[in-house]
Number of protein chains: 4
Amino acid sequence: MPTGLINDFFSRITDAGRSLIGPSAPDLTLLEEALELLGSIGEASSVARARIFLDRYLTASDADRRAFLVDAAERLGPDRAALETAMTRYQKSGSEADARALHFLSEPRSQELIRRLNRAPGGTRDLVAMRNDLLRWQRDEPSLKGLDEDFRHLLASWFNRGFLQIERIDWDTPASTLEKIIRYEAVHLISGWEDLRHRVGAPDRRLYAFFHPAFPGEPLIFVEVALTDRIPEAIGPILVTERPQVDPAQAKTAVFYSISNCQSGLRGINFGNFLIKQVVEELSREFPGLTTFVTLSPVPGLRDWAAGEAANPDGLLTEQQREAVAMLSPADLYMDVEAAAGAAETLGRIAARYLVEAKRLDSLPIDPVARFHLGNGARLERVNLSADLSARGLSNAWGVMVNYLYDLDDIERNHEAYAKTGEVAHAPPVRRLLRQG
Amino acid sequence: MPTGLINDFFSRITDAGRSLIGPSAPDLTLLEEALELLGSIGEASSVARARIFLDRYLTASDADRRAFLVDAAERLGPDRAALETAMTRYQKSGSEADARALHFLSEPRSQELIRRLNRAPGGTRDLVAMRNDLLRWQRDEPSLKGLDEDFRHLLASWFNRGFLQIERIDWDTPASTLEKIIRYEAVHLISGWEDLRHRVGAPDRRLYAFFHPAFPGEPLIFVEVALTDRIPEAIGPILVTERPQVDPAQAKTAVFYSISNCQSGLRGINFGNFLIKQVVEELSREFPGLTTFVTLSPVPGLRDWAAGEAANPDGLLTEQQREAVAMLSPADLYMDVEAAAGAAETLGRIAARYLVEAKRLDSLPIDPVARFHLGNGARLERVNLSADLSARGLSNAWGVMVNYLYDLDDIERNHEAYAKTGEVAHAPPVRRLLRQG
Amino acid sequence: MPTGLINDFFSRITDAGRSLIGPSAPDLTLLEEALELLGSIGEASSVARARIFLDRYLTASDADRRAFLVDAAERLGPDRAALETAMTRYQKSGSEADARALHFLSEPRSQELIRRLNRAPGGTRDLVAMRNDLLRWQRDEPSLKGLDEDFRHLLASWFNRGFLQIERIDWDTPASTLEKIIRYEAVHLISGWEDLRHRVGAPDRRLYAFFHPAFPGEPLIFVEVALTDRIPEAIGPILVTERPQVDPAQAKTAVFYSISNCQSGLRGINFGNFLIKQVVEELSREFPGLTTFVTLSPVPGLRDWAAGEAANPDGLLTEQQREAVAMLSPADLYMDVEAAAGAAETLGRIAARYLVEAKRLDSLPIDPVARFHLGNGARLERVNLSADLSARGLSNAWGVMVNYLYDLDDIERNHEAYAKTGEVAHAPPVRRLLRQG
Amino acid sequence: MPTGLINDFFSRITDAGRSLIGPSAPDLTLLEEALELLGSIGEASSVARARIFLDRYLTASDADRRAFLVDAAERLGPDRAALETAMTRYQKSGSEADARALHFLSEPRSQELIRRLNRAPGGTRDLVAMRNDLLRWQRDEPSLKGLDEDFRHLLASWFNRGFLQIERIDWDTPASTLEKIIRYEAVHLISGWEDLRHRVGAPDRRLYAFFHPAFPGEPLIFVEVALTDRIPEAIGPILVTERPQVDPAQAKTAVFYSISNCQSGLRGINFGNFLIKQVVEELSREFPGLTTFVTLSPVPGLRDWAAGEAANPDGLLTEQQREAVAMLSPADLYMDVEAAAGAAETLGRIAARYLVEAKRLDSLPIDPVARFHLGNGARLERVNLSADLSARGLSNAWGVMVNYLYDLDDIERNHEAYAKTGEVAHAPPVRRLLRQG
């Protein structure tokens, strides 16, 4: 039975429920609506109330939505009376059973709310949108963190890896899905249908995405792959549509040149790790000649970090490097070619230092793209200068891009070292850069 | 990408992980294996360990499996130190944040174990099998209840209604799925492929099932439907394959004559309610002439209950009814036709009393089939004598069957009254039986 | 087994055959290659030769292709000796058996050639391309007519109606098929993907196409439909993407506003008739509120005909009409608005006369679009002035478009009258125009 | 659009046509109905008449159907007047154009009738049934041969190889298709669903079938394959379900142990040749370890031929062989074991002689199974005694079966030699048998 039909069913049951519970009371706040929903015991009326709540939420003003989320965070926590009783009982008995019971009795009511909302037709999709709000406002409203824990916990459960379906996207994919690829590509923008056709349809290009049964036709994350004869040094030759094509059967290298998350409301629920590994497996099987799996990745935080570090004599950069940073304002970069060329020599060293040594308090790298690939067990393979000459590439990282290498024999070991100590696996060329600087 | 391919990926990633962690140590107990799994931090090695654990579990002896489950229940509860800290912090601050934190910090480690096992290829299926063990042994091992809470909680989340797919099963369904229908039919056995063909392929018969994306080709629950011209009084004429067929476009009544749960490891996670309502919707749409949706259901607990009640002068039965019960031993039933006929007159009254008035401590009906349909909001419509003359029908209920009526206009009200007070909705013919008795 | 796989098989068998027959002899003419193919008796070698021949044909120069077709027409006719024998035998016996035998023995060898070519992988498609050549050159090479008879005969057999599959094209259709719709739309050009999305995806727009199993993903013909509240008077409001949309459930009228044949090599093998009727059926079923099925069609031959007729005092036009035609040069049309307005009054009458009364020698209408719809049994419903202000619309027909009405109750009668006598069914408004003129 | 929907369309258009032409006249003969159909010019009425005719034909008595076929053969030949004119014109001009025209003008009207019937919903299927009648009665009614030529010609065109789809049949195939496999297996009967499951579902068994788009769900021909480690000597070990299974990745040999045509009305339109070659390709690709593709085939005509030959001192058998045949009556075969054993020694030689040397007038082998495989280019590889101990095997061929070997490198050469001179390719073991005898 096609999904459309199922949603149809849902809708009609929802309608049935709607007629049972009568007209909704427009003067209720969202929180009051939510409490009604938590109190309803009939199946159909509960589904109908969930749908009504979601409709109201989605059309409410920013202020009302935000107020509701704060209310829910602050007032739909655990049932205090039940919690106290459970604690008392556990403290008396110390038994395993009472310890376990404590967990269930302390469940925030917001979890039950989220579960009930998930039963509405289209509920999962709307909850992802709601979490998007939560993430946006969380910085200003610390109390939202507690509620976000509930969302994260339940979404991670519903979007667990076993339920994801990998699909190849190509020129035979429905246009309705392809237009989402155009919309969601966040790294190297797709300029239109011809550009897209090149990325999904050229014989030496591939695009794979994860889907979830509850989000039909809606990619969660996708990765774009170029099959090449060697590790690429720049993004331009990959993106250009007029170029010599590689016979995929002769290709030696698969380049992951763009990875885009599509659902910001699923932030923190990681699919990318597993997607890359599945694609490595799939490509290995289809093209036994492939020996190297590598990314061509931006270094989004390089320039901001270097600018800060340039002002810090006790930092990771040498004096010469700090001076180079000072010279590398965009104006210089274009106007004084010689000076820029001189500074560029040191750029590779700065980038290596940034990626391998610059760490956050939790001793993980500062660069978010680095954290993603290193966390997957990849190795920093090479630093490429003048690799991304787009406005963004220049402005974020003076055009620097790097390769992360996925070697299935090493990823587990790399991952463990990284997870335990923050150690950044890196290849000899990067080691040389570090030694030079 | 077909499911087979996905499992393939999983398997190869699992194999990769397997080679990383080396040969498994056969002298580890299942609990020790589980602790290794909880401690592993690499993705591939964790998936591989999960698969190794499940393979060992599935091939272990009953005694070892049971020992593991008891161990897990008793030793993989919440982290006590974390729990104590969280309690202290909450008791000091009383804050919402600390109340919410308490819930997350008190999570039994067995939940994380189950989640990790679910990531192995085929993990969901194996966890359902593991829960089946848990349910079998729970009666003798009360400590397993705590662990079962974890299973029930997570399985309910993974098998939530939004992820289920309804499908019509017919003679164009793959044989591999059809043979499972033969195997799982638990109410009115299917005698072979010809019988099956009649049940799924006759124009006035339908069969619908729920599926889950993680269990491809494996029905979770199914319902068999006969389209008839009136509410049926006996099961024989429905099951027989040589019979006059009803033109479905002329049918007035849809009879749910068999509902079978297929996965005993999913007990307590209810799909049936929703399945019936979806099928009502689907049939209404396809055959606008249908006006009545009704079951033909067994009364499995009638005879046991009546036997007990016959010995209880202060019970629900009248003296005459108690005498009738005494006469209705199977021997009599066949040998002394006249006496049996006399006793039979009172059978309907006894059955009505059993279904409407005999209650458990929680004030819900004793009969499990009654609890299911009444809990869905159905109404007890009619009591049918000599309706199921199979050995089981006679032995459980002297051949009595009943109809439960699903009226979409009433199910929500019936359900609420039932849920709040245990009130059993029943139709005038049943009311008359009660008055007579 | 997906089509790709089948073609794979074909290809490998072809390759096997290729190796059997050795390297092809590049000095053979196409006709000599064709004779080799007709002489080959092995299955694989015959398939291989067919593929080799087609590859050579497709890459040959225009001159060589044309020379081959003329050769084939002139030298691959019936086997004269066999024909003479069969004639003699028939003339002697006059028997039914000998009359029947005469037909089979007189089959042109070019038919066997075409059948053998059709067995090559992709053969059907290439034969359609070959027929396209044939049609192009036929005007200058009358001898090609005989060969075209063979093509038409066999293609009509292979593309018979029972093998065609109707499909709705929408925004969920593969992009590879959608781009062909953009390419093949011949009536009202599609300006790009956004325009296409409007035509296939807006709730009040539909597009249906016929496909053939041997041409996967390749439409043969398609029709575009607008659901409206009344019979439209101009094409602009239908094509514009920013417009009020009609709720399809409320629509009264389905407008076939564009019908495009996609394969010029299939000219003369009519699918359009049946496509329109199937779409009428499909839409009637989906939207029971539809009462009117009508086209909005160009009148491509109007202006040319009128220009000729203006010079003919004994023709179908009145003197006033002939003067109006003289005034309606494009320059006037824009520069002398008043005069044009005056002339325009008579335009409707001229158009009506053209469509209803102007006939070819076979007594069918001169206008090809009229022949198509009237031949399907439609009725000329209304003449619309200023209906197509595109350059083509103005240049072909001074902007005139007409509606043809498909009324399922009348099409059979209309069709028969038209087929027998060339009678053009027309509605009262058209009758009034004729009377006025 | 699913096939069901298309048929729906057809049906409704047919119904529309039916209402146009009014009630059918039950007193018309089938021939008169056919003439009405040939005379109708409306599309819908023509489709409706075609359907009406087919319905009448299918429900008519044998006598009426046979009378119609004879009438059609005798009275729906070429239009004599047109034929005469065409002949005169050709004889005068001798031109290529007139020779070609003669072919088209001499087309029997029965061809147009068949084409029109093919446009009715389900027409192709019914025409296949009609041809089945034709084949049955042809022996007694030689005049039917002419009509059969028309059927054969058009069916061969519609069932041309490019339109056939190969599909693997396995345990995931719809039951409705599987039951047809059970029904159509003509060589080694399938005893029920368990037997079927073994043949399609065991890892070392395969079943492939050809389908046609106009016969959805209906196999045209299928072949059963066993993957084994060596060329098999007997059918028993292949058919038995309890047996050691071969790991298909280790198999060396693919055995085609059963080939069944499903549609007797398509007799003479050969698919088997191509099916076997496609399956060879498919298996080679899936299991690169396969080196040998071989049949295990019955020798259905052996015993009848030998019985005749035993009475003919001037025939192909030696005196000793003729005596052995005389001893090998079934009674002896079981009752006098020793004598039978002695006679058996010569059986192999008799079989070799029968297959390699016994020829029809057209110099092709007498045995129909031999003609099929040798005509495909296979080689007679080995004679197996006591290979088929079923009643049929014993009664047709004293239990003898043979292997035909398909070697892709030789089939083209074998085929050509066979086609030209009837030469039977055979392997050294068969040559030895011939020399011994």
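1. Does Asn414(D) count as buried or exposed? Asn414(D) counts as buried, at 16% relative accessibility; buried means under 20% relative accessible area, exposed over 50% and partly exposed in between, with a 1.4 Å probe and protein chains only. Asn414(D) belongs to helix α20 (residues 411–421) of chain D. Helices (H or I, at least four residues) and strands (E, at least two) are DSSP runs, numbered from the N terminus.

2. The model is predicted: local features need pLDDT of at least 70, side-chain atom pairs count only at pLDDT 80 or more, and totals for chains, interfaces and linings use all residues. Residues are numbered from 1 along each chain as its sequence is written, chains are lettered from A and ligands numbered from 1 in the order in which they are written, and side-chain values use heavy atoms, with hydrogens and water left out.

3. On the surroundings of Asn414(D): leaving aside neighbours within four places in sequence, Asn414(D) is in contact (heavy atoms within 4.5 Å) with Gly377(D), Ala378(D), Arg379(D) and Ala425(D). Leu374(D) is 40 residues from Asn414(D) in sequence, while the C-alpha atoms of the two are 7.6 Å apart in space.

4. Chains A and B come next. A rotation of 180 degrees with 0.0 Å of shift along its axis superposes chain A on chain B, with an RMSD of 0.1 Å. That is the relation of a two-fold axis. Copies are superposed by least squares on the C-alpha atoms of residues with pLDDT of at least 70 in both. His103(A) is the residue of chain A that comes closest to the rotation axis, with its C-alpha at 2.7 Å. Both copies use the same surface, as 100% of the contact residues of chain A recur in chain B.

5. The contact between these chains takes 77 residues from chain A and 77 residues from chain B. About 6800 Å² is buried between chain A and chain B, and carbon and sulfur atoms give 58% of that area. Arg100(A), His103(A) and Arg161(A) supply 11% of the area that chain A buries against chain B, more than any other three residues. Buried area is the accessible area (1.4 Å probe) that two parts lose on being put together, summed over both.

6. Which polar interactions link chain A and chain B? The rule finds 4 salt bridges across this interface, a salt bridge being a side-chain nitrogen of Lys or Arg within 4 Å of a carboxyl oxygen of Asp or Glu. Arg80(A) and Glu96(B) meet in a salt bridge through their side chains, at 2.9 Å from N to O. Between chain A and chain B, 31 residue pairs are in polar contact, both residues at pLDDT 80 or more. A polar contact is a pair of N or O atoms within 3.5 Å; within protein, one must be able to donate a hydrogen and the other to accept it, and residues adjacent in sequence count only if both atoms are side-chain atoms.

7. Helix α1 (residues 3–21) of chain A provides the largest share of the side of chain A that touches chain B, 8 residues. By class, that side of chain A has 30 nonpolar, 23 polar and 24 charged residues. Ala, Val, Leu, Ile, Met, Phe, Trp, Tyr, Cys and Pro count as nonpolar, Asp, Glu, Lys and Arg as charged, and the others, Gly among them, as polar.

8. The interface involves 77 residues of chain C and 77 residues of chain D, and the area buried is about 6700 Å². The count between chain C and chain D is 4 salt bridges, and 29 residue pairs are in polar contact (both at pLDDT 80 or more).

9. Two pairs of chains have no contact. Chain B and chain C are not joined, their closest C-alpha atoms lying 14 Å apart. Chain A and chain D do not touch, with nearest C-alpha atoms 13 Å apart.

10. Thr173(D) sits in the loop between β1 (165–168) and α10 (175–184) of chain D. Thr173(D) is buried, with a relative accessible area of 8%. Leaving aside neighbours within four places in sequence, Thr173(D) is in contact with Thr173(B), Pro174(B) and Ala175(B), as well as Arg168(D) and Leu178(D).
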